[in-house]
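My entries follow in the order in which I made them.

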Amino acid sequence: MAKLFWLLVFPLLLLASPSCFGQSSKIVFQNGIDGYQGTVDTEIWALAPTTLLESNPNASSDANNDGGESQVLIRFDGIIGNADRTVPLRSHIVSARLLVSAFDQGSTVNLHRMLVPFSKSATWSSVIDGVSADGLEASRQKDSFTFGKIAANTSIVVFDVTDTVQAWASGQANHGWVFLNTGGNGWDFYSSEFDDIGQRPKLVVEYEAPATIPIALSTQGTIER
Ligand SMILES: [Ca+2]
Ligand SMILES: [Ca+2]
Ligand SMILES: [Ca+2]
């Protein structure tokens, strides 16, 4: 009889529960890890406006790279959805961090959410004189920044991107980000083509998936007496 009681009452408790999310889980998106290959990253450079730099193993953002600006575009495709190893749509994002492995000191770099798509073959010209953080091409507000000058030597630099990944999990389109350097000391990091997988850009998302609501008690099988 107790079993019958819980079979009837438990689904009602789930429906009435104030928390509509399950336990938290974590997924790491990094090219070469667990079959993931969805990172698209490329530098675009004003002095080589039609040159494809997408396959380079490193990328630089620099407001004055030998006299012309360099920017870095990055996107992690296939991170939200219902497939294996994706963040389920409508999840609550507990935290999302973008980590890159820097190998050159540089000026402060800001990270802005892209508002329009870019292709793997993006160039300075194809995005019309680089990307502007004007609220049309990229968000005016920065997602995150490097907190001042970046030290030399290899170091992992972390960008908090929780709000943007939450927006994507809530249904907005994922167009990635752009790194914009505020000064003329170029800052370089290893791209998703770098040999050492561990130093490729990495997106770490901790999330709580929406709870599954039981559909109907009558479909749950037999009730024992
Ligand atoms: Ca690349
Ligand atoms: Ca532009
Ligand atoms: Ca530098």
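I began with Val-72, which I found in strand 4 (residues 68–76); strands here are DSSP runs of E with at least two residues, and helices are runs of H or I with at least four, each numbered from the N terminus. I noted that this is a predicted model, in which local features need pLDDT of at least 70 and side-chain atom pairs count only at pLDDT 80 or more, while totals for chains, interfaces and linings use all residues. Residues are numbered from 1 along each chain as its sequence is written, and chains are lettered from A and ligands numbered from 1 in the order in which they are written.

Is Val-72 buried or exposed? I recorded Val-72 as buried because 28 other C-beta atoms lie within 10 Å, where 20 or more count as buried, 12 or fewer as exposed, and anything in between as partly exposed, with C-beta atoms placed from the backbone.

I then listed its contacts (C-beta atoms, placed from the backbone, within 7 Å): leaving out residues up to four places away in sequence, Val-72 touches Asp-41, Glu-43, Ala-59, Ser-61, Val-178 and Phe-179. Ser-191, 119 residues from Val-72 in sequence, is 9.8 Å from Val-72 in space, C-alpha to C-alpha.

For the adjacent entry I took Leu-73, whose contacts beyond four places in sequence include Asp-41, Ile-44, Phe-118 and Val-178.

Finally, I counted two helices and eleven strands in the protein, and noted that buried residues make up 36% of its 225 residues.

Terms used: Two residues are in contact if their C-beta atoms, placed from the backbone, lie within 7 Å.
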